[in-house]
Amino acid sequence: MTTDSLAEAPDAGGSRRLASLRLRLALAVPLLTSGVVLIFEWSLGGADPIRESLARMAWLVLLLSVALLLLIEALLLRPLRRLAEGGEAMAAAPATAPLEDVTGLGGELGRVGRALAQVSGLWRQQESEARELRRELAQQRQLLQQAHVALEANQRELASLARVDPLTGIANRLVFEESLRREFKRAQRLRGLLAVAVLDLDQFKQFNLAHGAAAGDAALKRVAGLLSDRFKRDTDLVARLGGEEFVALLPGFGMAEAQGVLETLREDLRALRLPDGQGDLTLSIGLAAASPAHPYLSAQALLQAADEALYIAKHTGRDRLSLAA
Ligand SMILES: Nc1nc2c(ncn2[C@@H]2O[C@H](COP(=O)(O)OP(=O)(O)OP(=O)(O)O)[C@@H](O)[C@H]2O)c(=O)[nH]1
């Protein structure tokens, strides 16, 4: 037995039960009425004219009820049955088959069938349009989600680009200035130490002219790498301020500790002999440090002191570290 026949089985059983019920009613009602009439006649007995006319009336009622049953069957049940069969044939037939061919219905029933077919066609069409709309909606939602993910990634990238120096990959001036303000306030509040070093490559214009801009770029990256290697603590920050100028922000470092590390850094750079192991690229550094014993009025004043120390380093021969007064 197929799935379809299984699905149809309850309906077929139902209509069989209905047909046999109708048959039983058609037989039982006249028989029962005849029985009642016969019992009635028998119980009355004799040939009384009143009894005879009662018996005739009973027979008349019997005949009328049979006629009524036949009328109901002919006028109501049969057309309904045909309509149902036509509907079933329509449901089973291909949508393109002519209605009369499929249902065998004509006249009024044909009109009803056609109206039902139109309604069913409309319903099918609307259902398929709704399906299509749902599919498009799902596609649009997926596209929207993809765009949203891409937008978030772009925003993250933009935000990080706005804070990173594109050539060297270390922090840029914006990040340094934010950090300087924050660390300066913290050092003031906690009565702690804060050192700022400004580092500038010497005669870099000359270096570029002699070895080319690409060698200049490579040298800038090496200096950024050296700075990142030397200042690794979570609180340290190294940044490129622009051109060949870098900065190191060292919370917790006084002048002496910072000086020691920065001198090592200068030696590291000199040892590289950039650009090609034969060169002589050097670095000048200005260093200022704030402490409770040597306070500064503002973060800006601390940075300016480091800048002035760098100026002195440059004007006293370069390749040296100069301390702020
Ligand atoms: N290759 C390269 N060069 C850069 C970059 N940014 C700035 N420069 C160059 O760095 C040079 C800086 O020159 P100056 O400001 O005269 O400084 P300097 O030649 O180092 O002289 P001092 O600082 O006095 O020792 C300029 O020639 C700039 O073109 C960069 O990203 N890559």
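Two strands are taken to pair if DSSP finds at least two bridges between them. Helices (H or I, at least four residues) and strands (E, at least two) are DSSP runs, numbered from the N terminus. The structure described here is a predicted model, in which local features need pLDDT of at least 70, side-chain atom pairs count only at pLDDT 80 or more, and totals for chains, interfaces and linings use all residues. Residues are numbered from 1 along each chain as its sequence is written.

Confidence is expressed as pLDDT, the predictor's confidence in each residue, from 0 to 100. The protein chain has a mean pLDDT of 86, with 83% of its residues at 70 or more. Over residues 1-10, pLDDT stays under 50. For this segment the model has one contact beyond four places in sequence, a contact being two residues whose C-beta atoms, placed from the backbone, lie within 7 Å. The model scores are ipTM 0.98 and pTM 0.63.

The protein chain contains nine helices and five strands. Their order along the sequence is α-α-α-α-α-β-α-α-β-β-α-β-α-β. Among the contacts with a separation of 6 or more, 62% come from residues 24 or more positions apart. Of the 325 residues in the protein chain, 21% are buried. A residue is buried if 20 or more other C-beta atoms lie within 10 Å of its own, exposed if 12 or fewer, and partly exposed in between, with C-beta atoms placed from the backbone.

The pairing of the strands can be followed from β1 (residues 194-201), which is joined to β4 by eight bridges in an antiparallel arrangement. Strand β1 is also antiparallel to β3 (residues 245-251), to which seven bridges join it. A197 has L287 as its bridge partner in β4. Strand β1 is mostly covered, as eight of its eight residues are buried. L194, V196, V198 and D200 lie on one side of β1, and A195, A197, L199 and L201 on the other.

The bridge partner of I285 in β5 is L321. Between β4 and β5 the chain crosses through helix α9 (residues 299-315), and this β-α-β crossover is left-handed. A crossover is right-handed if, with the strands pointing away from the viewer, the path from the first strand over the helix to the second runs clockwise.

The ligand is surrounded by 17 residues, of which F204, K205, A213, G216 and G243 are the closest. A residue is near a molecule or strand if its C-beta atom, placed from the backbone, lies within 6 Å of it. Strand β1 and helices α6 (204-211) and α7 (213-230) each supply at least two residues of this shell. By class, the shell divides into five nonpolar, five polar and seven charged residues. Here Ala, Val, Leu, Ile, Met, Phe, Trp, Tyr, Cys and Pro count as nonpolar, Asp, Glu, Lys and Arg as charged, and the others, Gly among them, as polar.

Several loops carry particular backbone features. A cis peptide bond joins L274 and P275, with omega about 15°. P275 is placed in the loop between α8 (255-272) and β4. In the loop between β1 and α6 lies Q203, which has a positive phi of about 45° although it is not a glycine. Q203 is partly exposed, with 15 other C-beta atoms within 10 Å. D319 also has a positive phi, of about 50°, and is not a glycine. This residue, D319, lies in the loop between α9 and β5. D319 counts as partly exposed, with 17 C-beta neighbours inside 10 Å.
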